Amino acid sequence: NGASGCVIQLGKDTFVVTASHVVLGYEKRLQKGEILNWQVGNLPPFDPLARIVWRDKENDIVLLGISKEEASNIGPCTISVPPTWPPPLPKAGQLVLVGGYPKSLREEALAPGWIGSGPYSAIFRVTLAEDWKFKCAIERRDLISFDGPLPAPGTDMGGLSGGPVLLVDTLSYPVVGIVTDRCDMSIADFEIIEIAALACVRL
């Protein structure tokens, strides 16, 4: 199993940000007696439950604290340092860049014992912004691929949850949200990406 996330630095503190339901799934599996490893990048496995600094189950966001040393050893990672906090709430019509690592793009067996996290990135226009959430409605006929074929309609994009969402129309490209859900509609190859706004985070 896998999920996506991002790393942000606020003042002297650094956090791994992902969707709360990702941590909830981990909790439920632990309760069933499973032995699990929670790993972020190159860091040794750790217990995310002991790292929770802020969590909003309703808006589906969780921040996990990591040390300055861990942040420097996490591996290939650009740590976002928001110029202001909370970040802006995107408005309908603005463009956002969505990133993550869905399981359907995972690269396996390229080398013995090696698994690659196939990256997903796309730019979408915000269709609806309300409260602490915003959505991007996508018609597949409008999509253009710059790197190989598009995922087939109905492809399970599990693992994209927690992926960072960056605002495109500014020079700083701030992280403004995380992916919480993606649903395919049965009509006209239509899908919706749901995003939780980081503007709701209060530390």
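Student: Is D60 buried or exposed?
Tutor: D60 is buried, with a relative accessible area of 10%. Buried means under 20% relative accessible area, exposed over 50%, and partly exposed in between, with a 1.4 Å probe and protein chains only.

Student: What sort of model is this?
Tutor: This is a predicted model, where local features need pLDDT of at least 70 and side-chain atom pairs count only at pLDDT 80 or more, while totals for chains, interfaces and linings use all residues. Residues are numbered from 1 along each chain as its sequence is written, and side-chain values use heavy atoms, with hydrogens and water left out.

Student: Back to D60. Where is its place?
Tutor: D60 sits in the loop between strand 3 and strand 4. Strands (E, at least two residues) and helices (H or I, at least four) are DSSP runs, numbered from the N terminus.

Student: What about the phi of D60?
Tutor: Phi is positive there, about 70°, although D60 is not a glycine. Most residues other than glycine have a negative phi, and most peptide bonds are trans. The hairpin of strand 3 and strand 4 has four residues between the strands, and D60 belongs to that hairpin.

Student: Which other residue has a positive phi, near 50°?
Tutor: D131, which is also a residue other than glycine. D131 lies in the loop between strand 9 (128-130) and strand 10 (133-139). D131 counts as exposed, at 67% relative accessibility.

Student: And which peptide bond is cis?
Tutor: The one from W85 to P86, with omega near 0°. P86 is in the loop between helix 2 and strand 5.

Student: Strand 4 then. How many of its residues are buried?
Tutor: Six of the six residues in strand 4 (residues 61-66) are buried. In a regular strand the side chains alternate between the two faces of the sheet. In strand 4 both faces are covered, with I61, L63 and G65 on one side and V62, L64 and I66 on the other.

Student: How many bridges join strand 2 to strand 4?
Tutor: Five, and strand 2 (residues 13-18) runs antiparallel to strand 4. Two strands pair if DSSP finds at least two bridges between them. V17 stands opposite L63 in strand 4.

Student: And strand 3 to strand 4?
Tutor: Four bridges, again antiparallel, with strand 3 covering residues 52-56. I52 has L64 in strand 4 as its bridge partner.

Student: What is the order of the strands in that sheet?
Tutor: The order is 1-2-4-3, in an open sheet of four strands with antiparallel pairing. Strand 1 (6-10) and strand 3 stand at the edges with a single partner strand each, so one side of each is left without a neighbour in the sheet. Neighbouring strands of this sheet are turned by 25° against each other on average, direction ignored. Strand 1 is joined to strand 2 by five bridges and runs antiparallel to it. V7 stands opposite V16 in strand 2.

Student: Which strands does helix 1 lie across?
Tutor: Strand 2, strand 3 and strand 4, and helix 1 runs at about 110° to strand 3. Axes are lines fitted to C-alpha atoms, for helices over the stretch in contact (heavy atoms within 4.5 Å). Angles run from 0 to 180 degrees between N-to-C directions.

Student: What does S80 touch?
Tutor: V7, I8, Q9 and V175, not counting residues up to four places away in sequence. S80 is in the loop between helix 2 (68-72) and strand 5 (95-100), and counts as buried at 17% relative accessibility.

Student: New topic. How many aromatic pairs are there?
Tutor: The count comes to one aromatic pair. Y26 and W38 form that pair, edge-to-face, 5.3 Å centre to centre with 85° between the planes. Y26 is in helix 1 (residues 20-31) and W38 in the loop between helix 1 and strand 3, 12 residues apart. Rings of Phe, Tyr and Trp (its six-membered ring) pair if their centres lie within 6.5 Å, and planes under 30 degrees apart count as stacked, over 60 as edge-to-face and the rest as tilted.

Student: Are those two buried or exposed?
Tutor: Y26 is buried at 10% relative accessibility, and W38 is buried with a relative accessible area of 13%.

Student: Last one. How many disulfides?
Tutor: Zero in the whole structure, a disulfide being a pair of cysteine sulfur atoms within 2.5 Å. For C77 the nearest cysteine sulfur, that of C6, is 8.5 Å away. C77 counts as partly exposed at 36% relative accessibility, whereas C136 is buried with a relative accessible area of 0%.
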